[in-house]
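Hi,

Here is the structure I promised to pass on. My notes follow below it; have a look whenever you get a minute.

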Amino acid sequence: MASMNTESDAQLAVRAVRAGAAVVRDMYGTSPQRFDKGAGDFATAADLAAEKAILDVLRTARPDDAVTGEESGRTGADGAERRWPVDPLCGTLNYAVNTRVVAVNVAPREGSSITVAATADPFGGEVFWTDGESARLHRDDAADAGEELALSCATACTSPRASPCAKPRAAW
């Protein structure tokens, strides 16, 4: 059944990662409880709470879509047309040792194609996102009105080595 919600998937993905980022930011420095996932991996209470915040946003807006949360696994209809992979706290180890190099990620899929994607930096107040046509950066400003910038390949890439735009060179 199609959703009557008029919010685009890109807008929803941005809203979802912002909800998760708020939880990650609010819980930072609190020594959140760790949960063993096996093979040396773990989650924290912040991972679980951020995923819950993200899933609440997604399920309310797209009840017919399925979700795959890093912590909660697959939920929703097996035959759902769309599935929303969620990484509520990419960089759990960094976070657990009070390093602010983390991200919150959502990237819905239709079949085998990722249709949009959003990544939030909980501490930098930035959300990078794409609607599949262009890349954008939303920065919160001091007045909380926000600033949004269209990104070109030149501004989106921080290093020629990492740039998908740069042509390979023999040596750097």
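Lys37 comes out as partly exposed, at 36% relative accessibility (buried is under 20% relative accessible area, exposed over 50%, partly exposed in between, with a 1.4 Å probe and protein chains only). Glu70 and Lys37 form a salt bridge, with the closest N and O atoms 3.3 Å apart (the cut-off is a side-chain nitrogen of Lys or Arg within 4 Å of a carboxyl oxygen of Asp or Glu). That pair links distant parts of the chain, 33 residues apart: Lys37 is in strand S1, Glu70 in the loop between S3 and strand S4 (73–75). Helices (H or I, at least four residues) and strands (E, at least two) are DSSP runs, numbered from the N terminus.

Before you go further: this is a predicted model, where local features need pLDDT of at least 70 and side-chain atom pairs count only at pLDDT 80 or more, while totals for chains, interfaces and linings use all residues. Residues are numbered from 1 along each chain as its sequence is written, and side-chain values use heavy atoms, with hydrogens and water left out.

Back to the charges. The structure holds 9 salt bridges. One of them joins Asp9 and Arg62, with the closest N and O atoms 2.9 Å apart. Here too the pair links distant parts of the chain, with Asp9 in helix H1 and Arg62 in the loop between H2 and S3, 53 residues apart. Both Asp9 and Arg62 are buried. Another is Glu7 with Arg15, at 2.8 Å, N to O; Glu7 is buried at 17% relative accessible area, whereas Arg15 is partly exposed at 38%.

Then there is Asp87, in strand S5. What is the nearest side chain of opposite charge to Asp87? That would be Lys37, 7.3 Å away, and Asp87 is buried without a salt bridge (Lys and Arg count as positive, Asp and Glu as negative; His and the chain ends are not counted). The Asp87 side chain does reach the backbone nitrogen of Cys90 at 3.4 Å, which falls under polar contacts (N or O atoms within 3.5 Å; within protein, one must be able to donate a hydrogen and the other to accept it, and residues adjacent in sequence count only if both atoms are side-chain atoms).

On to helix H2, residues 45–61: its 17 residues reach 25 Å from first C-alpha to last, close to the 24 Å expected at 1.5 Å a residue (that is, 1.5 Å times one less than the number of residues). Its buried residues include Ala50, Ala53, Val57 and Leu58. Among the elements they pack against are helix H1 (9–27) and strand S5 (82–90). The C-alpha atoms of Ala19 and Ala50 are separated by 7.4 Å.

Leu58 and Val106 touch the most other members of the largest nonpolar core, which has 31 residues (buried Ala, Val, Leu, Ile, Met, Phe, Trp, Tyr and Cys residues joined through side-chain atoms within 4.5 Å). H1 gives the most to this core, with 9 residues.

Last, a backbone item: phi of Ala39 is near 55 degrees, positive in a residue other than glycine. Ala39 sits in the loop between S1 and S2 and is exposed, with a relative accessible area of 91%.

Cheers

Terms used. Contact = heavy atoms within 4.5 Å.
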